[in-house]
Amino acid sequence: MRCEVAQRRLSAAMDGAASVSPQVDAHRRSCPVCTRFEEAAWRIRGVVRFDVSIPLAPDLVPAVMQRVQDYEADRMLGWIPEPHPVRTRLYRQRFALASLVTGLIIGIVLTSGGVVQIGTERPEANAEDIPRELVRAAKKLEGYRATLDVTELHWTRAVPRRAFVATLLFRTPENFRVEVQDTTRYPSPAWPRNDLLLVTDGHTWQATGPDPCPSAALPVCPRHGSVTHSIRNRIPFDSRSSMPTDAIVPMTVLAASDRVEVIGPDRVAGRMAVAVDMTYQDGASLFQYLRFLGSWRPFYPQDRVVLWLDEETWFPLKYEVFPAPGPVRSAWASQTGLPRESPDSPVFTAEARSFSLDDAPPAGLFQVRPGPGALDEGFEDSAFPKPRGGPYPPGDAELMAPRVTEGLTPWRYGRFARTDLRPYRQTEMAYTMGLSWFTVTRVVGWNQRGLFGVGAFAEPVRLAKGGTGYYEPATDVDPRRLALHTTDGEFLVATNLPRAGLIRIASSLAPKGLPAPPGWRVHRWSGGSVVDGLSLQQAAARIPFPVLIPSYLPPGYRVGPAQIVRTKGAAGIMLAFRRPAAELDGFGLRLYQASGQSLPPPTGADQQVVMVGGQVGRWSPQDHLLEWMDGSIYRSLQGPEFDLGTLVHVAESLRRPRAQVGSPEASP
Amino acid sequence: MSRDVGPGLPSRPGAPRPNRVAVAGVALVIGLAGGGLVGLLTNGQPSPQVQRPSPTPSFTPPPVRELSPDTLLAWTPGGLPDGLGKGVAKLSKVDHVVSVISGTAWLRGSTDADGTRVDHPPAGLSIPLEVAGADPSTYAPFMAPADRTFLPALVKGEAVLGTTSAELRHLGPGSTLIFGSRKIRVAGVVPDAAIGAHEVLVSRRVAQSLKVTRDRYLLIDPARGASRKRLTKGIRSLLPAGVLLRVRGPGETPFFRQGDAVLPPVRLKVLFGEFAARPIAGGFLDVDPSWVRAHIPVVRVPILGKVRCNRALIPQLRSALAEVERERLAEFIDRKDYAGCYSGRFLNRNPEAGISHHAWGVALDVNASTNQFGQSPHQDARVVAIFRKWGFTWGGRWLLPDGMHFEFVSFPSGG
């Protein structure tokens, strides 16, 4: 029996159209290809949890033809009824009516649409102004309270629409409380309710709610009821026990972005608003106040988030998520158990029912009493040090306090006890104003061969007085940060302020940032070596083949530092592309090119053959990894937030740089 | 005679006809005036207008086709015989081979990159982690070249985490895993498939220091033109008599690892929760009682009566058994011969063999006396089919049959 026949019959049997004959069954058992086909088919059917019924499109032609023929026949027979007198009159006056309507439209357009300007002119929202306005709004904020109505679609087939009321309270500088009340009507009490509470006063932190529940298992969860996670002696503005204030002022992405796209003025709840558009990948921090616990529907990275900012105060009034168009998104939706979703209809809406900036909520609302199971972060608060005095580690006041604070004022200072897990002295200073903050950390006795607080792809930045710093954009867990290697220890400045502000603060620290020791950048082993922190030119000069760079990159991406990898007989170069303000997945896009290397043997379950330009490549969908051989050169592109189409487009745009290609930005 | 024939609206013959142009002109002027007035009244309050969100540039993906397998996984139940990896490396038409050791290491705690505590199991207990160990230089050809940047760190004694493990633990590069008195720095995070869906990959030397010593599977990179059939035969020839062998290619199993008929522990942790425990005598585990209270209720199900299983498994277990009952097959499940669901223990109560999935309460043993481990299974095929439909795999089809064993592999809705 031929495989295609067997597979067709197996498929029919899965659909219930026929039963599997003994011959087909015998063939399937003996044929690995058909066994795999059947397993894959069941898997695909398994992941498509929604019964996608495709409505039959009726053929309208016969019906229309029938009506036309009927009319002609009736007319010839004189059976057409006498038309209504009003209709007859309207029909006769059709030219006059058309002229009247045309005149009305032209008149309205001319006088109200901006062609003929009459009266006072209203200022238009300027994309470049929005980040500045947001930072200003964040700094001015003393207190905030808001109630949002949240609607989420397509969580599961049984519960296609959920509704929540979220109450957010903030009191400067580190008091935050969010309460999410699930008002959904579930099919039965067995369904877990997403009632959530997060409270922090800065020093303690507590989150309560149901654990995330695998959607395929719903309505049951591995764990019944709520869990509570508590933290005491919390580090100032600790990102691991987050204070998800982007719903108040979206500082992570928007306040630092030069890519804000204004899509129009609008009116929300009677207030004038500016609508801003971004991908979900960029706007994910707007949802963190909901997603710290509980179960939520997934979004595709390229789904669109439209955010309406109040034109007067710049606080978010509303935001919606629209599904991205295209077949790849549809395939993702079907794999994740979502139904077909239209790009024109929002699948998530959060709208401010009310918000107030007048009175800071009382401090008592932010008090937490962590139980005995609370995690102790070990931060010991002290009085803020002053130069020349006080029981502080020598030099902290002089070395850690920046001369430029961007208008922020001292808030907390403290240290960690030296332990076997932290065998160095670590002190921290925090500054704040409204919702804006930055911290300066100093580590003395650092015991590792790498910069404190940043990774291998930190971008070298030139600071004032010829100093050097190493910058990392914000991720979904870490703020924007800049590391300095100095003779007075390792320093890390972290903030939710824009990149330029961070660099100004770091530049004003007394110690001068030095280049990281060469020994920290070179990692050797018996089978080869890895060298970090090179510029593209430096790395390309050490590689025995022409290095290609993409002539197309997704908007906002730019090349960062390069890494060289040498193993037996192979030499490779890794280039990381990220966006300067925030790369929430922390990864961005990575291009690896190597000589002396063939396509490695596949080990994944779902790898596929794909053409990249004229070359045969391999696509590993689970890892978002595209690999191909370009002659004798191995190349790969990986980006967790990118689909195959985008990666292939970037891959096919690879070119030899003409001369000096854009190296990592070397100045603020 | 000309006539305007509008559908259904024929003109009456002989009706007087006004000057259309003049009427239309007057109407236009009236419209302009009226429209202008409306516009003026509303001027200063422009009607809100939000453009549709602009989609990001989207590129049509090229067509893809299935990859023909050219990497092989080989494993034998209970661990590989000594020297198998070296023997396979000497077979003709083999380019690369790596032997991977795998087992359970006990995590006493962890910290993130700046030393802040992350994992803190209850006093006296530790978290079982499935750790793989391999020689970095022989493992290198099987890693994506871009992930080979972690090789120096592995040689130095550091670890890499799988993606799921890193998400589960909230750990990343620079964090520290604490096993007993040993602290291991995390160098990076790689896709689950790159490390056989283990939670942690370390060098062989480090794995052995964590008491993970048993070789579990081989990854084989055949040379161009090699025949899978011949290679399999060659591997079989290296095995002692009676040792069973499983050989797989890409796409035939979700992950290249030993015991590939069931979910790896990291997936069970995501779906059913992670517990802390400590090994006790007899191959059993003393599992954190608060975890057991929260996750393992006692419930009544059809046919079997009272069972102790994971809370998340109960609906589909109930559904499977109800269907067995409905199909009048209940007589094929002997209630008195039910050997349990939840049991905090190692596989076969052997501390070297990994944590039994019974410890998550996601497997159950039925008709135990007639379906002993390693013996020919004797379950009714219709019962097996119903359990399969409800997301259970049956041990009777395993390389080393375990006919009493039915275990969760997927939710019936496909998760």
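1. A word on confidence. This is a predicted model. Chain A has a mean pLDDT of 82, and 80% of its residues reach 70 or more. Two stretches of chain A need care. Over residues 113–123 of chain A, pLDDT stays under 50, and the model has 10 contacts beyond four places in sequence for them. Over residues 660–668 of chain A, pLDDT also stays under 50, with 20 contacts beyond four places in sequence.

2. Now chain A as a whole. It holds 15 helices and 31 strands. The chain has 668 residues, of which 46% are buried. Take the contacts between residues at least 6 apart in sequence: in chain A, 63% of them join residues at least 24 apart.

3. One sheet in chain A deserves a slow look. Which order do its eight strands take? They run β13-β14-β15-β16-β20-β19-β18-β17 in chain A, as an open sheet with antiparallel pairing. Neighbouring strands are turned against each other by 25° on average, direction ignored.

4. A helix lies against this sheet. Helix α12 (residues 499–507) of chain A packs on the sheet and touches β16 (436–444), β17, β18 (468–472), β19 and β20 of chain A. The direction of α12 makes about 25° with that of β19(A).

5. Follow strand β16(A) next. Is it largely enclosed or left open by the rest of the structure? Eight of the nine residues of β16(A) are buried, so this strand is largely enclosed. On one pairing, strand β15 (residues 425–433) of chain A joins β16(A) through nine bridges, and the two run antiparallel. A:Glu428 has A:Thr441 in β16(A) as its bridge partner. The two strands β15(A) and β16(A) form a hairpin with two residues between them. In that turn, A:Gly434 has a positive phi of about 60°.

6. Strand β16(A) also pairs with β20(A). Six bridges link β16(A) and β20(A), in the antiparallel sense. One pair to look up is A:Arg442 with its bridge partner A:Phe491 in β20(A). Strand β20 (residues 489–495) of chain A in turn pairs with β19 (residues 480–486) of chain A, over seven bridges and again antiparallel. There, A:Leu482 has A:Val493 in β20(A) as its bridge partner.

7. A:Val150 sits in strand β1 (residues 143–153) of chain A. It has 21 C-beta neighbours inside 10 Å, so A:Val150 counts as buried. Leaving out residues up to four places away in sequence, A:Val150 touches A:Ala163, A:Phe164, A:Ala166 and A:Ala350. A:Ala510 is 360 residues from A:Val150 along the chain, and their C-alpha atoms are separated by 47 Å.

8. Turn to chain B. It has 11 helices and 20 strands. Of its 415 residues, 46% count as buried. Among contacts in chain B between residues at least 6 apart in sequence, 70% join residues at least 24 apart.

9. Two helices of chain B cross. The axes of α10 (residues 314–326) of chain B and α11(B) come within 9 Å, at a crossing angle of roughly 145°. The crossing of α10(B) and α11(B) is right-handed. From α10(B), B:Ala320, B:Glu323 and B:Val324 make the contact; from α11(B), B:Val383, B:Ile386 and B:Phe387 do. By class, this contact has five nonpolar residues, no polar residues and one charged residue.

10. Last, a loop residue. Where is B:Thr370 found? B:Thr370 lies in the loop between β18 (363–365) and α11 (381–389) of chain B. With 15 C-beta neighbours inside 10 Å, B:Thr370 counts as partly exposed. B:Val186 is 184 residues from B:Thr370 along the chain, with 47 Å between their C-alpha atoms.

Notes:
Residues are numbered from 1 along each chain as its sequence is written. Chains are lettered from A and ligands numbered from 1 in the order in which they are written. This is a predicted model: local features need pLDDT of at least 70, side-chain atom pairs count only at pLDDT 80 or more; totals for chains, interfaces and linings use all residues. Two strands pair if DSSP finds at least two bridges between them. Helices (H or I, at least four residues) and strands (E, at least two) are DSSP runs, numbered from the N terminus. Axes are lines fitted to C-alpha atoms, for helices over the stretch in contact, and angles run from 0 to 180 degrees between N-to-C directions. Two residues are in contact if their C-beta atoms, placed from the backbone, lie within 7 Å. A residue is buried if 20 or more other C-beta atoms lie within 10 Å of its own, exposed if 12 or fewer, and partly exposed in between; C-beta atoms are placed from the backbone. pLDDT is the predictor's confidence in each residue, from 0 to 100. A crossing is left-handed if the near helix is turned anticlockwise from the far one by less than a right angle, and right-handed if clockwise. Ala, Val, Leu, Ile, Met, Phe, Trp, Tyr, Cys and Pro count as nonpolar, Asp, Glu, Lys and Arg as charged, and the others, Gly among them, as polar.
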